[in-house]
Amino acid sequence: MKITLLAALTAIILPAATFAQDAAITVADGYARSANPKSGAAFMTLRNSGAADCTLTAVTTEAAEMAELHTTKDMGDGVMKMSKIEGGIAVPAGAEQKLERGGDHVMLMGLTAPLENGQDLALTLDFGDCGTVAAVVPVDNDRKPEDAAPMSHGEHTMPAPATN
Ligand SMILES: [Cu+2]
């Protein structure tokens, strides 16, 4: 009888403990760019320093009519095709997940205004049970894909001023 009660209590308490991991997700090295006035994409590194696995399920922003989680598939012959990610982007406990060019990204559709270099783009990342995370990423339309140039892996560096 007591064991049953304890099990029931544990079941009630555990979700609350998970919810306390709110600040577990941090966003690093984010930026957004657009190739045309109507749509763009945001890229970033998601870090999960908590003990619970988290999943980015949705993104909202006032800068676009719709934001979707997309992945990019190499169809061969140089053809890259984007498709909506069903089920979100998993960020396991203690791990990081990159949203990068040619891979997963936040697709911005129906931009309310063209993305101009130097602007800040505010995003709300919904991690479901892990809570929501507000992120502000700079617009950098000129940034090259990661594989075009070696990246610095320095931690806690200040956002680099837009240099060419
Ligand atoms: Cu896309």
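Student: How many helices and strands does the protein chain have?

Tutor: This is a predicted model, in which local features need pLDDT of at least 70, side-chain atom pairs count only at pLDDT 80 or more, and totals for chains, interfaces and linings use all residues. Residues are numbered from 1 along each chain as its sequence is written, and side-chain values use heavy atoms, with hydrogens and water left out. Helices (H or I, at least four residues) and strands (E, at least two) are DSSP runs numbered from the N terminus. On that basis the protein chain has one helix and eleven strands.

Student: Is A64 buried or exposed?

Tutor: A64 lies in strand β5, residues 64-76. Buried means under 20% relative accessible area, exposed over 50%, and partly exposed in between (1.4 Å probe, protein chains only). Because its relative accessibility is 8%, A64 counts as buried.

Student: Which residues is A64 in contact with, leaving aside its neighbours within four places in sequence?

Tutor: Contact means heavy atoms within 4.5 Å. L111 is 47 residues from A64 in sequence, yet their C-alpha atoms are 4.1 Å apart. With those neighbours left aside, the contacts of A64 are L108, M109, G110, L111 and T112.

Student: What share of the residues of the protein chain count as buried?

Tutor: The protein chain has 164 residues. A64, at 8% relative accessibility, is one of the buried residues. For the protein chain, the buried share is 35%.
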